[in-house]
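Please consult the sequence and the three-dimensional view shown below while reading.

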Amino acid sequence: MDIYNVEAAEILAKEALVLPITEATPIYEKLLATFPTAAKYWKQYVEAYISAHNEDIAKQIFSRCLLTCPHINLWRCYITFIKRVNNKRGSEGLEETKKAFDFMLNYVGNDVASGPVWMDYIAFLKSMPVVTPQDESHRMTTIRKVYQKAILVPTSHVEQLWKDYDNFENSVSRTLAKGLLSEYQPKFNSAKAVYRERKKYIEDIDWNMLATPPTGSYEEEQQCMAWKRLLAFEKGNPQRIDAATANRRISFTYEQCLMYLYHHPDVWYDFAMWHAKNGSTDSAIQIFQRAVKALPGSEVLKYAFAELEESVGAIQPAKTIYESLIAENANMTSLAHIQFIRFLRRTEGIEAARKFFLDARKLPGCTYHVYVAYATMSFCLDKDAKVAQNVFEAGLKRFMQEPGYVLEYADFLCRLNDDRNVRALFERALSLLSPEKSIEVWKRFVQFEQIYGDLASMQKVEQRRKEALSRTSEDGSSSLEDTLYDVVSRYNYMDLWPCSSKELDYLSRQEWLAKNMFKKAGKSVILTSGATFDKANIGVGASAKTLPQPAKVVRPEISRMVVYDPRQMKGPVISTTSSGYTKEVDEIFKMLSPPIMSFITNLPAIEGPSPDIDIVLSVLLQSTLPTGHDVGKPSGPVTGSATNDLSGPGKSGFNQNGHRPPRDGQPLKRKAIGSTSPLSTIFTGRQCYVCILC
């Protein structure tokens, strides 16, 4: 059962609306346990209790959701609730409401939709009763400060706020207003300009999206990119405000982003690292703590968290994180053991790492990777080759059947230049490994002899490898023969080859053919690259033999193919103004007739490589396009200016608007259906307007 089924969640939320609050509460709790940052569900939940006049539980719900859901609608619901609760409490209630407004604007005052909240706060301040002239002066000062804060925030109501501020200052003192307004006018202009830019990024964001684990869908990727573009915009500080205010705005944007990308570990990591780079390590640690709580299964976030703790000298907290990784992954702890050994070696020394390794190797889930890691650490960091070799030898008793371990041990011995023991290791391993598991070991043995051995030993090992691996093939005699490809394998070095790439392709092809020419027709013929050839049955004498078709004809890899669903794709949104295309393309769009423009607008989105426009046009212009009365007739070469004269629109038969001019000054009449193909009308001219989008 998919607990993150968005459609099912919406159905449950609608059902809860019509149920009594006692029956709806378990539904809301279940929804919010799955979607803890869904502001609309929190708002619906708390409004149900407010409607039931249960203020205590409503306050508890607000305390659970406000700080993790910086959504303006949820916060406006909160301030409405506070005003209602304190409505009849006199001056004490007004003061509590004022504190609630300050608390709210401190958290969501930078929201692009917070303009009405600023206006509500100012209206509330103006409505507060005053008794003495000192109270009046204090109120005016407070209102002025709120106005001056509000006009610096790029919101949708910034212009209205500026007009109100202008009227306010002029109503108090025209002399004072002139100086203050001239001081804040540039700041207001900057906020207004930034709002216009900010709006472009915000319009791409789906504010009704629920936070679900990454699925890789097109819509999800678009939302990720939209949020990252907005974050990059805010980090650029386009308004050129002070660092503290800019950082609050960036932090607020990250918090909003996490409401929708709650299950994306990269967003949590970026948020924490942004705090760390700005010198706020404590805030970064708090973000990581929230991240590992939100995504307890994300191992990489825990490593990043431990790394941060270690980098600031908090060794014990980092050690606790590593120990939790080992405890939580009892069945798959090899990587955690390796990283913990390295951590102990860095922070507590050789003995602590050695003690933990001795304990870890006794565990049933310990793999050969732990032995390799500890031996390599002993050799590279402790400069103790003897300990490293002893560890490898101890592991060999347990992991002799693991080709990967044998190869790592062989590499270590090669670094010691101990060719004698390398050969002994290969002989021991190959005597125990099955032919199927020994392929890589034989390959490394041959490479070793090419470097350390003489010609005789090199040829001997190659022959032994063929004999051993021929047991796995159906035609062992052919695989025992020497081929020119074997010579190429012996005499290449790194990316240097004793033949051209064309010769190498030919020889590798022949080598593959020789190995597979006796395979039965019922078996699939597989290339080493993983592509599958179509089977071609070619009769030779009385027997049918299977040979692959030419190398260029291969089956596509379909294991990761995604079924095309046009409902999941967003079609291109094209308009004649601010379309995002170049000026030339915009001009062409303006010339298009409404039917063609409608056709282009409703085209589905295409993912994949874009064709070369010039080649597409060339092919179309040189092709014979059938007309209605030519269907079924043999096609001949196309004559006329459409195919052999591309010098200009004057010779193509089209005017500058992309339409054929009327003959003899008469208006064009609609031709009978089928008389002329629409494609021939579109593509006959010099420019193809439809394919310009390719």
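## Helix 5 and helix 6

Helix 5 and helix 6 are roughly antiparallel to each other, a term for angles over 145 degrees. Their axes come within 9 Å and cross at roughly 170 degrees; axes are lines fitted to C-alpha atoms, for helices over the stretch in contact, and angles run from 0 to 180 degrees between N-to-C directions. Helices are DSSP runs (H or I, at least four residues) numbered from the N terminus.

The contact (heavy atoms within 4.5 Å) includes Trp-75 and Ile-79 of helix 5, and Phe-101 and Met-104 of helix 6. Its residues divide into 11 nonpolar, one polar and three charged. Here Ala, Val, Leu, Ile, Met, Phe, Trp, Tyr, Cys and Pro count as nonpolar, Asp, Glu, Lys and Arg as charged, and the others, Gly among them, as polar.

## Basis of the model

This is a predicted model, in which local features need pLDDT of at least 70 and side-chain atom pairs count only at pLDDT 80 or more, whereas totals for chains, interfaces and linings use all residues. Residues are numbered from 1 along each chain as its sequence is written, and side-chain values use heavy atoms, with hydrogens and water left out.

## The loop residue Asn-86

Asn-86 lies in the loop between helix 5 (72-85) and helix 6 (90-108). With a relative accessible area of 6%, Asn-86 is buried, meaning under 20% relative accessible area (1.4 Å probe, protein chains only). Apart from neighbours within four places in sequence, Asn-86 is in contact with Gly-93, Glu-96 and Thr-97.

## Helix 7 and helix 8

Helix 7 (residues 115-127) packs with helix 8 (residues 133-150) at an angle of about 175 degrees, and their axes are 10 Å apart. Helix 7 is therefore roughly antiparallel to helix 8. Among the residues that make the contact are Trp-118 and Tyr-121 of helix 7, together with Ile-143 and Tyr-147 of helix 8. The contact residues comprise eight nonpolar, one polar and three charged.

## Cysteines

How many disulfides are there? A disulfide is a pair of cysteine sulfur atoms within 2.5 Å, and the count comes to zero. For Cys-65, the nearest cysteine sulfur is that of Cys-69, 5.8 Å away. Cys-65 is buried, at a relative accessible area of 0%, and Cys-366 is buried at 5%.

## Helix 26

In helix 26 (residues 484-491), Asp-486, Val-488 and Arg-490 are buried. The buried residues of helix 26 pack against helix 23 (439-452), helix 24 (455-469) and helix 27 (501-516).

Terms used:
Helices (H or I, at least four residues) and strands (E, at least two) are DSSP runs, numbered from the N terminus. Angles under 35 degrees count as roughly parallel, over 145 as roughly antiparallel, 65 to 115 as roughly perpendicular and the rest as oblique. Buried means under 20% relative accessible area, exposed over 50%, partly exposed in between (1.4 Å probe, protein chains only).
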